[in-house]
Amino acid sequence: MKVRKKSVINLFYIPAIILFLVFVIYPFLQGIRLSFTNWNGYSQTMKYVGLKNYIRLFQDANVKTALVNTLIYGVMSTIIQNVLGLGYALFLNTKFKCRSVVRTIIYMPVMIAPLIMGYIMYFFFQYDGGAVNDVLMALGMQPAGLLVNSKAAIAIIVMVNSIQFVGVAMVIYLAGLQNVSAMYYEAAMIDGATFWERFRHVTLPLLMPAISSSTILNLIGGLKLFDLVMALTSGGPGFSTHSLSTLVTNQYFSAQSAGYASAIGIVSFLLIMVISNVVMGYFDRKEVDV
């Protein structure tokens with residue numbers, strides 16, 4: 001009877017497995033195959049070119065710029081989101097009036113599609129008619145071309161991405177804090193530990209699973225950043241704010257070089273996989289047994 005029940009349960013996995021094979025594994029294998037061709041994305045014919053796309057990739061200055069930007073978007077967004085998220089969680093873990101309202105306000109941007117958020121922020125930072133420049137002009141200052149300055153644009157993209165998804169980190173840390181038993185704090189206070197000592201030696205070690213989850217989620221999200229970049233700068237000026245994800249789209253549709261775009265996509269996937277696994281392994285070693 002138990003064997004029959006197990007076989008029935010396994011049948012429920014078949015549709016999910018089929019969907020996974022059709023919409024994930026098959027496109028991924030097709031991407032690998034196309035990365036060794038010169039396909040332009042539209043033609044009925046393509047030619048096998050071996051490692052030519054990958055050799056070109058490592059010599060392309062635009063790819064190097066996109067790689068650096070991708071690391072900046074991933075690392076900086078992760079740091080900001082985790083620091084702010086932990087700060088919000090520590091504050092909201094205390095009891096005060098309207099706590100639920102504050103939680104909702106902080107989490108609300110997460111529910112907005114990143115592309116929509118990007119367009120909303122574009123109207124804040126655009127040169128003509130942007131809210132920021134309107135304020136500067138009202139103060140008697142010259143308007144600033146924030147989105148046509150590559151360094152400023154990268155900083156804005158990181159800031160917007162961090163603010164939008166800080167709610168995810170906050171929720172993870174809140175869940176982690178609520179699972180920390182009060183007896184640890186009571187024992188530390190009996191030993192005369194200060195607030196900072198309790199935070200460093202009690203809160204942080206016991207929050208390590210939450211820190212690990214939040215870091216991995218936010219890091220992967222930042223490394224594959226696409227929507228905000230396209231909405232705010234479309235990778236410009238020039239190629240200076242492209243991420244690897246947006247560069248794939250640029251090479252596929254604008255440059256009509258689908259084979260080369262596939263090679264960039266495969267390298268981007270491997271980069272995210274390696275970095276996320278290294279970070280995950282690091283945090284696994286830092287976790288403590290309770």
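Is Tyr54 buried or exposed? Select Tyr54 and take a look: its relative accessibility is 15%, so Tyr54 counts as buried, the cut-off being under 20%. Keep in mind on this tour that the model is predicted.

Phe36 and Tyr54 make a tilted aromatic pair, with 5.5 Å from centre to centre and 45 degrees between the planes. The pair links distant parts of the chain, 18 residues apart: Phe36 sits in the loop between helix 2 (13–34) and helix 3, while Tyr54 belongs to helix 3. With a relative accessibility of 22%, Phe36 counts as partly exposed. Bring in Tyr48 as well, and you have one aromatic cluster of Phe36, Tyr48 and Tyr54. A search of the whole structure turns up nine aromatic pairs.

**Stop two: helix 3 against helix 14.** Select residues 52–59 for helix 3 and 258–286 for helix 14; their axes come within 9 Å and cross at roughly 70 degrees. Helix 3 is therefore roughly perpendicular to helix 14. This crossing is right-handed. On the helix 3 side, show Asn53, Tyr54, Arg56 and Leu57, which meet residues of helix 14 including Tyr260, Ile264 and Val267. Sorted by class, the contact has seven nonpolar, two polar and one charged residues.

**Stop three: helix 4 against helix 11.** Move on to residues 61–92 (helix 4) and 208–223 (helix 11), where the axes come within 8 Å and cross at roughly 145 degrees. Here, too, the crossing is right-handed. Among the residues in contact are Tyr73 and Gln81 of helix 4 and Ile211 and Asn218 of helix 11. This contact has six nonpolar, nine polar and no charged residues.

Terms used. Residues are numbered from 1 along each chain as its sequence is written. This is a predicted model: local features need pLDDT of at least 70, side-chain atom pairs count only at pLDDT 80 or more; totals for chains, interfaces and linings use all residues. Side-chain values use heavy atoms; hydrogens and water are left out. Axes are lines fitted to C-alpha atoms, for helices over the stretch in contact, and angles run from 0 to 180 degrees between N-to-C directions. Helices (H or I, at least four residues) and strands (E, at least two) are DSSP runs, numbered from the N terminus. A crossing is left-handed if the near helix is turned anticlockwise from the far one by less than a right angle, and right-handed if clockwise. Contact means heavy atoms within 4.5 Å. Ala, Val, Leu, Ile, Met, Phe, Trp, Tyr, Cys and Pro count as nonpolar, Asp, Glu, Lys and Arg as charged, and the others, Gly among them, as polar. Angles under 35 degrees count as roughly parallel, over 145 as roughly antiparallel, 65 to 115 as roughly perpendicular and the rest as oblique. Rings of Phe, Tyr and Trp (its six-membered ring) pair if their centres lie within 6.5 Å; planes under 30 degrees apart count as stacked, over 60 as edge-to-face and the rest as tilted. Buried means under 20% relative accessible area, exposed over 50%, partly exposed in between (1.4 Å probe, protein chains only).
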